[in-house]
Amino acid sequence: MSNFQDIAQQFTQFYYTTFDENRSNLAALYRDQSMLTFESNAVQGTSSIVDKLVTLPFEKIKHQVATLDAQPSSEQGGILVMVTGALLVDEEERPMNYTQVFQLQPDGQGSYFVFNDMFKLIYG
C-alpha cells in the first residue's frame, strides 16, 4: 500500500493549484458517482460538480493550506483527507477561513478519484 499521507499531500497540492488556476480542469478528479457538498448545497456527478465549481461568484482565488490530516478509510485503499486553511477571493485583502474534506478512492489504474468532497467556510 502506498503511503496515504504522501498521496494526500500530493492530491491536495494538485487540487488547490488546479482550482486556483482553472477550476474546469478538476473534472478528471471526479466520477459520475462523486458528490460535492459546497456550503450545504449538494450536487452529484462530474458535470454537476464542475458546473458548480466554475460558476462560483469570483474571478480569482488563492488557497493557503494551514493543516492537512489524512487517514486510510477502507480496506479497498480509500483515503480520508481533511484540510483547513484560508482563501483570498478577487481583490479581497482579508482571507476567509475554510475546511474541506475529501474521500479519495482508488480508480483501479494506480490513481485516485474524489468520491466525496465537502467544503465549508468558517465564520467568526
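The model is predicted, so local features need pLDDT of at least 70 and side-chain atom pairs count only at pLDDT 80 or more, while totals for chains, interfaces and linings use all residues. Residues are numbered from 1 along each chain as its sequence is written, and side-chain values use heavy atoms, with hydrogens and water left out.

Helices (H or I, at least four residues) and strands (E, at least two) are DSSP runs, numbered from the N terminus. An open sheet is formed by 6 strands. Their order is β2-β1-β6-β5-β4-β3, and the pairing is mixed. Two strands count as paired if DSSP finds at least two bridges between them. β2 and β3 (61-72) are the edge strands; each has a single partner strand, so one side of each lacks a neighbour in the sheet. From one strand to the next, the twist averages 15°.

Strand β6 (residues 112-122) pairs with β1 in the parallel sense, over 5 bridges. In this part of the sheet, Tyr 30 stands opposite Val 114 of β6. Helix α1 packs on the sheet and touches β1, β3, β4 (79-89), β5 and β6. Contact means heavy atoms within 4.5 Å. The direction of α1 makes about 160° with that of β3. Axes are lines fitted to C-alpha atoms, for helices over the stretch in contact; angles run from 0 to 180 degrees between N-to-C directions. Helix α2 also packs on the sheet, touching β1 and β2. Its direction makes about 35° with that of β1.

β3 and β4 run antiparallel and are joined by 11 bridges. Thr 67 has Thr 84 in β4 as its bridge partner. The two strands, β3 and β4, form a hairpin with 6 residues between them. In the turn, Gly 77 has a positive phi of about 100°.

Helix α2 (residues 46-54) has Thr 46, Ile 49, Val 50 and Leu 53 as its buried residues. Buried means under 20% relative accessible area, exposed over 50%, and partly exposed in between (1.4 Å probe, protein chains only). Seen down the axis of α2, these residues fall within an arc of 95°, so they line one face of the helix. The arc is that of the directions from the helix axis to the C-beta atoms. Their cover includes α1 (4-21), β1 (30-38) and β2 (41-44).

Asn 97 lies in strand β5 (residues 96-106). Asn 97 is partly exposed, with a relative accessible area of 41%. Beyond residues up to four places away in sequence, Asn 97 touches Gly 85, Ala 86, Leu 121 and Ile 122. His 63 is 34 residues from Asn 97 in sequence, and their C-alpha atoms are 9.7 Å apart.
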